[in-house]
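Subject: Structure handover

Hello,

Here is the structure I promised you. Please open it and keep it in view while you read my notes.

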Amino acid sequence: TDKNSVETYADAMKYFVIFSLLILLGMVFYLDLIKHIINPAYWVGLKVVPVVLWSYVFQGIFFNLSLWYKLTDKTMYGAWFSIGGLVITLIVNLIFVPTHSYMASAWASFACFSVIMVLSYLIGRKYYPVPYDLKSIGFYMLLTVVMLFVSHWLKTGTTWLDMLLNTGLLAVYCAVVFLRDFRALVRYKFNKNTLQQPS
């Protein structure tokens, strides 16, 4: 395995997660504004949005992880993951839709992608190990969960005040990203460009 390649894959995964979670936070934090572009009759179903967004994040991670079975010509695993995901989705829907309606379908998608994401990572370590920065990925996921909890816990019911609070939380997330992962990258790029300039 080429060292530069696997490090690039690892970096791509980390930054994908960072920006996916940023989008998730933005969507959830400003949902009270975004909802005005849809019919008010559907507002009652907006509680499904955070679950669906997390499912999309896991789906994206799974898509990034899928390179291992493509590069090692073990694409049959892709079929097995798809079948496993289908089985999980069907079981959750059949059991819980009668009592929990569309929320069950959202959680079925969440369960499907979270399970096949983990399985793909674990099996991929055997055939094409990539040094994913699990510490950073876990940190940003935990930070996102904490911020969603804080936003919900401090919700006032006053739209402008809630938007102000959520904007502050989003700014904190961006500041953490910059200080933790982008400051050194920007400094490296700047120094590299400076050294390459002709004297």
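One term comes first: two residues are in contact when they have heavy atoms within 4.5 Å of each other. Keep in mind too that this is a predicted model.

**Ile61**

With that term, look at Ile61. Leaving out residues up to four places away in sequence, Ile61 touches Met13, Phe16, Val17, Met117 and Met141. Ile61 sits in helix H3. Is Ile61 buried or exposed? The cut-off for buried is under 20% relative accessible area. Ile61 has a relative accessible area of 6%, so it counts as buried. Ile61 and Tyr121 are 60 residues apart along the chain, and their C-alpha atoms are separated by 9.5 Å.

**The nonpolar core**

Ile61 also belongs to the largest nonpolar core, which has 44 residues. Which of them touch the most other members? They are Leu21, Phe29, Phe58, Ile61, Met141 and Tyr173. The largest share comes from H1, with ten residues. There is a general pattern behind this kind of grouping. In soluble globular proteins, nonpolar side chains tend to be buried together.

Take Leu21 as a second example. Setting aside neighbours within four places in sequence, Leu21 is in contact with Trp54, Val57, Tyr140, Met141, Thr144 and Tyr173.

**Helix H7**

Next, check the length of H7. This helix runs over residues 134–153, which makes 20 residues. At 1.5 Å a residue, H7 should span 28 Å. Its end C-alpha atoms are 28 Å apart, so the two values agree.

Which residues of H7 are buried? They are Ser136, Ile137, Tyr140, Met141, Leu143, Thr144, Met147, Leu148 and Ser151. Seen down the axis of H7, these buried residues fall within an arc of 160°, so they line one face of the helix. Exposed residues lie on the other side of H7: Lys135, Leu142, Phe149 and Trp153. An α-helix has 3.6 residues a turn, so residues three or four places apart point the same way.

**Pocket and cavity**

The largest pocket holds about 380 Å³. Its lining has 15 residues, and Val28, Pro50, Ser151, His152 and Lys155 lie nearest its centre. H1, helix H2 (31–34), H7 and H8 each supply at least two lining residues. H8 gives the most, with four.

How many cavities of 30 Å³ or more are there? The count is one. The volume of the largest cavity is about 80 Å³. Its lining includes Leu65, Trp68, Tyr121, Arg125 and Tyr132. H4 and H6 each supply at least two residues of that lining. H6 gives the most, with four.

Last, find Val172 in helix H8. Val172 is partly exposed, with a relative accessible area of 43%. Val172 and Leu22 are 150 residues apart along the chain, yet their C-alpha atoms are separated by 11 Å.

Leu90 is in helix H5 (residues 76–100). At 46% relative accessibility, Leu90 is partly exposed as well. Leu90 and Ser109 are 19 residues apart along the chain, and 9.8 Å separates their C-alpha atoms.

Best wishes

Definitions and conventions. Residues are numbered from 1 along each chain as its sequence is written. This is a predicted model: local features need pLDDT of at least 70, side-chain atom pairs count only at pLDDT 80 or more; totals for chains, interfaces and linings use all residues. Side-chain values use heavy atoms; hydrogens and water are left out. The expected span of a helix is 1.5 Å times one less than its number of residues. Buried means under 20% relative accessible area, exposed over 50%, partly exposed in between (1.4 Å probe, protein chains only). The arc is that of the directions from the helix axis to the C-beta atoms. A nonpolar core is a set of buried Ala, Val, Leu, Ile, Met, Phe, Trp, Tyr and Cys residues joined through side-chain atoms within 4.5 Å. On a 1 Å grid over the protein atoms alone, a cavity is a set of points where a 1.4 Å probe fits but cannot get out, and a pocket is an open set with protein on both sides within 12 Å along at least five of seven lines; lining residues have an atom within 4 Å of a point. Grid points are joined across faces, edges and corners, and a volume is the space filled by probe spheres set on the points.
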